[in-house]
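Here are a few friendly notes to read alongside the model. Keep the 3D view open and find each residue as you go.

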Amino acid sequence: MSKEKVWRLITIVTIINALLTPTLFLLEAHVRSDGNIRLFMKNYGAQYPGVISTLSKGETFIDVCLVTPVKEELEARGLLWGLIVIPPILYRRQMKIKPIVALLALLIPTFFWAKAHPVVLPVFSAGILWGFLVYKTERLWPAIFCHGAANTVLYAAALIAMRTNTIIA
């Protein structure tokens, strides 16, 4: 795949993720709190402060926006993807990935990664999008780039929320 096509796909996935993630976050918040999103945010903050507690613990932009995306993508779409995809390739001695194997490699790591977060729907959708990028481009760096971009937006939103003492939602 050419660099232009890879960047076009990255742009499309980033736009979809930027629209889908907050929508799914608010939907999940609405469902889990019987419509009281402020109550959900209060409980969410008490149960799992997420990025805001990360900032208060002193984690830097480099930790959240550069190191974490590389680490998580290497784990989810590097190691786990490889453990699912490589055995069938070795067994069949074909480099072409069967669609069912690609689907399993996309869903299994994404499911476990999303379950490790308190808000599952937006994390799951982002994981599916970033896994799709890896599948289509056959490269890991586009997923790392998109993950870093998403974390950067969340980091900036958390900084603004901390400085203005507001709840984001």
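1. Let us begin with a word we will need: a residue is called buried when its relative accessible area is under 20%, and exposed when that value is over 50%. Please keep in mind that this is a predicted model.

2. Now the cysteines. Is C65 buried or exposed? With a relative accessible area of 3%, C65 is buried, because that value is under 20%. C146 is buried as well, with a relative accessible area of 3%. If you were hoping for disulfides, a search of the whole structure finds 0 of them.

3. Next, look at T110. You will find T110 in helix α5, which covers residues 99-115. T110 has a relative accessible area of 0%, so T110 counts as buried. Which residues does T110 touch, not counting those up to four places away in sequence? They are R77, F124, G127 and I128.

4. Move on to N151, in helix α7 (residues 141-164). The relative accessible area of N151 is 13%, and N151 is therefore buried under the 20% cut-off.

Note on methods. Residues numbered from 1 in each chain as written. Predicted model: local features only at pLDDT ≥ 70, side-chain atom pairs only at ≥ 80, totals over all residues. Heavy atoms only, no water. Disulfide = S-S within 2.5 Å. Buried < 20%, exposed > 50% of the residue type's maximum accessible area, 1.4 Å probe, protein only. Helix = DSSP H or I, 4+ residues; strand = E, 2+ residues; numbered from the N terminus. Contact = heavy atoms within 4.5 Å.
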